[in-house]
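Please keep the sequence and the 3D view at hand while reading.

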2 protein chains.
Amino acid sequence: MSVQERKQRERAERERLIVATARELAEQQGWDAVTTRRLAERIEYSQPVLYSHFRGKREIIGAVALKGAAELAVAVRAATSAANGPRERVAALARAYLDFAARNPAVYDALFQLDGGLAYAQEDTPQPLKDAFAALLECLGEVAGDGVQPGLFTEVFWASLHGLVTLTRAGRLLPEDAAQRVELLVDRLAVM
Amino acid sequence: MSVQERKQRERAERERLIVATARELAEQQGWDAVTTRRLAERIEYSQPVLYSHFRGKREIIGAVALKGAAELAVAVRAATSAANGPRERVAALARAYLDFAARNPAVYDALFQLDGGLAYAQEDTPQPLKDAFAALLECLGEVAGDGVQPGLFTEVFWASLHGLVTLTRAGRLLPEDAAQRVELLVDRLAVM
DNA sequence: CACGAATCCTAGCACCGCTAGACAATCAAG
DNA sequence: CTTGATTGTCTAGCGGTGCTAGGATTCGTG
């Protein structure tokens with residue numbers, strides 16, 4: 001039995017290695033550089049090994065995305081729980097979100113830009129994704145305002161943040177004014 | 001001389017054909033289906049002909065994006081000029097923007113999702129892109145509120161719309177609530 | 001009509017995601 | 001300890017991609 005357990009452990013370890021390497025490569029040189037050949041070479045296995053862990057490249061992207069969603073949720077909760085008062089809490093959330101996207105562009109792309117084969121907003125949505133949304137909802141729900149569904153408000157606020165991330169990434173928005181934009185967004189959208 | 005002019009006309013016509021065909025193919029089957037081979041076959045020329053007009057696929061995407069930007073500007077201006085009062089004007093702008101994205105998903109992708117090799121927010125940004133932003137600015141500038149730069153406000157509003165488009169496209173937001181979200185966004189962000 | 005130039009296509013490169021089938025290592029049974 | 005089956009891994013290759021070199025062909029001109 002111990003032998004099987006060891007093998008299983010080694011397999012899980014190698015899977016982690018694949019995901020971590022894919023992420024690393026993507027952050028270093030962009031997702032275009034993450035080819036199955038290069039990835040296989042980096043983990044010092046042959047290509048087919050990747051396919052014994054994942055159905056294909058898309059699933060590898062999905063795995064990176066899930067890991068990223070979990071980290072995003074942690075980052076958001078850490079920021080919000082450290083802030084005092086609704087106004088500051090929402091601002092902290094926004095900053096944490098934008099900061100995460102800026103620090104992990106490839107992970108952010110895996111989450112929202114690329115096709116990782118993940119189901120969003122459905123029953124079979126993976127837990128980390130649901131939880132990341134829940135982290136936003138916990139904080140944003142209290143500033144939705146009267147007569148506005150917390151879920152709907154969270155979606156709109158989230159969409160705004162996502163738009164800022166995308167346009168900033170595309171070079172459309174200068175990073176210098178990021179703080180101003182966040183303040184504007186928080187002041188206008190949130191009802192205190 | 002007339003011969004050269006004719007050739008030049010035919011060349012320009014073929015270039016329009018390439019861009020239109022690429023767009024059509026992308027709207028029908030998605031950008032992944034727009035390969036240089038398929039595109040060449042559809043226009044009934046060989047692959048290398050494409051490269052006598054464009055540096056590569058990316059430039060073709062860019063050409064589709066520019067055409068789309070011009071159409072977007074027209075759509076936005078038409079919607080805003082037909083509306084009465086600042087509140088209704090902004091709401092009309094938002095609806096027109098989201099409607100354009102919904103009706104021309106491939107064009108919208110070419111503009112903001114894919115790499116079309118276009119420079120944004122710089123001196124050498126192509127005119128259609130500048131003009132599309134100008135169309136937004138014309139309307140949104142008047143509801144920025146005191147002490148808020150019109151450009152900054154337009155960026156934030158735009159980013160919010162873009163986020164809604166992206167998340168809706170990804171299946172993250174249910175289209176049924178689109179109207180509600182627009183109302184929320186307009187009511188909160190714009191200062192009347 | 002013949003020549004030079006412009007135009008276009010055939011064929012091919014290196015790379016992609018993905019997979020079949022050969023091979024080697026490992027384990028259980030005799 | 002040997003055998004046989006199972007598991008794991010790799011080599012080699014398929015059809016596709018964007019892109020290009022170089023030959024063939026058409027075309028306008030003298």
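How do the residues of the surface near DNA strand D divide into nonpolar, polar and charged? They comprise six nonpolar, seven polar and five charged residues, where Ala, Val, Leu, Ile, Met, Phe, Trp, Tyr, Cys and Pro count as nonpolar, Asp, Glu, Lys and Arg as charged, and the others, Gly among them, as polar. The model is a predicted one, in which local features need pLDDT of at least 70, side-chain atom pairs count only at pLDDT 80 or more, and totals for chains, interfaces and linings use all residues. Residues are numbered from 1 along each chain as its sequence is written, while chains are lettered from A and ligands numbered from 1 in the order in which they are written.

**Overall architecture of chain A**

- Chain A contains nine helices and zero strands; helices (H or I, at least four residues) and strands (E, at least two) are DSSP runs, numbered from the N terminus.
- Along the sequence, the pattern of chain A is α-α-α-α-α-α-α-α-α.
- The C-alpha atoms of chain A occupy a box of roughly 60 × 40 × 30 Å along the principal axes.
- Of its 192 residues, 41% count as buried; a residue is buried if 20 or more other C-beta atoms lie within 10 Å of its own, exposed if 12 or fewer, and partly exposed in between, with C-beta atoms placed from the backbone.
- Among the contacts in chain A with a separation of 6 or more, 62% join residues 24 or more positions apart; two residues are in contact if their C-beta atoms, placed from the backbone, lie within 7 Å.

**Domains of chain A**

- Chain A is assigned domain 1 (1–53) and domain 2 (58–189), with bounds that come from an automatic or database domain assignment.
- The C-alpha centres of domain 1 and domain 2 of chain A are 28 Å apart.
- Seven residues from domain 1 of chain A and eight residues from domain 2 of chain A take part in the contact.
- The side of domain 1 of chain A that touches domain 2 of chain A has five nonpolar, no polar and two charged residues.

**Surfaces near the DNA strands**

- There are 18 residues around DNA strand D, and A:Ser46, B:Thr35, B:Thr36, B:Gly56 and B:Lys57 come nearest; a residue is near a molecule or strand if its C-beta atom, placed from the backbone, lies within 6 Å of it.
- At least two residues of the surface near DNA strand D come from each of α3 (47–53) of chain A and α2 (36–42), α3 (47–53) and α4 (57–81) of chain B.
- With four residues, α3(A) gives the most to the surface near DNA strand D.
- DNA strand C is surrounded by 17 residues, the closest being A:Thr35, A:Thr36, A:Gly56, A:Lys57 and B:Ser46.
- For the surface near DNA strand C, α2, α3 and α4 (57–81) of chain A and α3 of chain B each supply at least two residues.
- The surface near DNA strand C has six nonpolar, six polar and five charged residues.

**The contact between chains A and B**

- Chain B and chain A meet through 27 residues from chain B and 27 residues from chain A.
- On the side of chain B that touches chain A, α8 and α9 (178–189) of chain B each supply at least two residues.
- The most is given by α8(B), with twelve residues.
- That side of chain B is made up of 16 nonpolar, six polar and five charged residues.

- Helix α7 (residues 127–140) of chain B has 14 residues and reaches 20 Å from its first C-alpha to its last, close to the 20 Å expected at 1.5 Å a residue; the expected span is 1.5 Å times one less than the number of residues.
- The buried residues of α7(B) are B:Leu129, B:Ala132, B:Phe133, B:Ala135, B:Leu136, B:Cys139 and B:Leu140.
- These residues lie on the same side of α7(B), because they cover an arc of only 145° around the axis; the arc is that of the directions from the helix axis to the C-beta atoms.
- The cover over the buried residues of α7(B) includes α4, α5 (86–103) and α8 (150–169) of chain B.
- In α9(B), the buried residues are B:Arg181, B:Val182, B:Leu184, B:Leu185, B:Val186, B:Arg188 and B:Leu189.
- Their cover includes α8 (150–169) and α9 (178–189) of chain A together with α5 and α8 of chain B.

**A positive phi in each chain**

- A:Glu44 is not a glycine, yet has a positive phi of about 60°; A:Glu44 is found in the loop between α2 (36–42) and α3 of chain A.
- B:Glu44 also has a positive phi of about 60° without being a glycine, and B:Glu44 lies in the loop between α2 and α3 of chain B.
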